[in-house]
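Here are a few exercises to work through with the model open in your viewer. Try each task before you read its solution.

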Amino acid sequence: MKMKTLLNHRAFAFAYVLLAVVLLSGCADNEIVKSCVEGHTYGFWGGLWHGIIAPFDFIGMLIWDDVAMYAPNNNGAWYAFGFLLGSGGWGVLASRSSD
């Protein structure tokens, strides 16, 4: 019986964290994709941030047409390196949680 209660607590905790992430992501600043091509050029830090939020961007990209997963106006290798590090962090966190 204790194991079932523990699983219920974990499921509710996960649901609350997921709800908080969804609600907080609603506060994120958005930018029109066409202005990204002409506007701000993203570097390493922008790539790192975009890599971290890539799973949420992917879901948003499936739902809305004005959400992009990868900034089209970037400075090349440094942006790609930051994106790679940012998106790789999800795999590291997932592998550690399975132990």
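## Exercise 1: The two sides of helix 4

On the face of helix 4 that points away from its buried side sit the exposed residues Leu62 and Ile63. Exposed means over 50% relative accessible area, buried under 20%, and partly exposed in between, with a 1.4 Å probe and protein chains only. A word on the ground rules: this is a predicted model, where local features need pLDDT of at least 70 and side-chain atom pairs count only at pLDDT 80 or more, while totals for chains, interfaces and linings use all residues. Residues are numbered from 1 along each chain as its sequence is written, and side-chain values use heavy atoms, leaving out hydrogens and water.

Task: find which residues of helix 4 (residues 54–63) are buried, and explain why they share a side.

Solution. 
1. The buried residues in helix 4 are Ala54, Asp57 and Gly60.
2. They lie on the same side of helix 4 because they cover an arc of only 120 degrees around the axis; the arc is that of the directions from the helix axis to the C-beta atoms.
3. An α-helix has 3.6 residues a turn, so residues three or four places apart point the same way.

## Exercise 2: Repeat it for helix 3

Task: sort residues of helix 3 into a buried side and an exposed side.

Solution. 
1. Phe44, Gly46, Gly47, His50 and Gly51 are the buried residues of helix 3.
2. Their arc around the axis is only 160 degrees, which puts them on the same side of helix 3.
3. Trp45 and Trp49 are exposed on the other side of helix 3.

## Exercise 3: Around Asp57

Task: trace the contacts of Asp57 (heavy atoms within 4.5 Å), leaving out residues up to four places away in sequence.

Solution. 
1. Asp57 is a residue of helix 4 and is buried, at a relative accessible area of 13%.
2. Asp57 touches His50, Val67, Ala68 and Met69.
3. Take His50 next: it belongs to helix 3 and is buried at 15% relative accessibility. Beyond its neighbours within four places, His50 contacts Tyr42, Asp57, Met69, Ala71, Tyr79 and Phe83.
4. Now take Val67, in the loop between helix 4 and helix 5 (77–97).
5. Val67 and Asp57 are ten residues apart along the chain, and their C-alpha atoms are separated by 6.9 Å.

## Exercise 4: Aromatic rings

Task: count the aromatic pairs and name the residues of the cluster.

Solution. 
1. Apply the rule: rings of Phe, Tyr and Trp (its six-membered ring) pair if their centres lie within 6.5 Å; planes under 30 degrees apart are stacked, over 60 edge-to-face, and the rest tilted.
2. The count is five aromatic pairs.
3. Phe44, Trp45, Trp78 and Phe81 form one aromatic cluster.

## Exercise 5: The whole chain

Task: describe the overall make-up of the protein and where its confidence is lowest and highest.

Solution. 
1. The protein has five helices and zero strands, taken from DSSP runs (helices H or I, at least four residues; strands E, at least two) numbered from the N terminus.
2. Of its 99 residues, 18% count as buried.
3. The mean pLDDT, the predictor's confidence in each residue from 0 to 100, is 76, and 72% of the residues reach 70 or more.
4. Confidence is lowest in helix 2 (residues 33–38), at a mean of 63, and highest in helix 3 (residues 44–52), at 89.
5. Where pLDDT is low, the predicted coordinates should not be read in detail.
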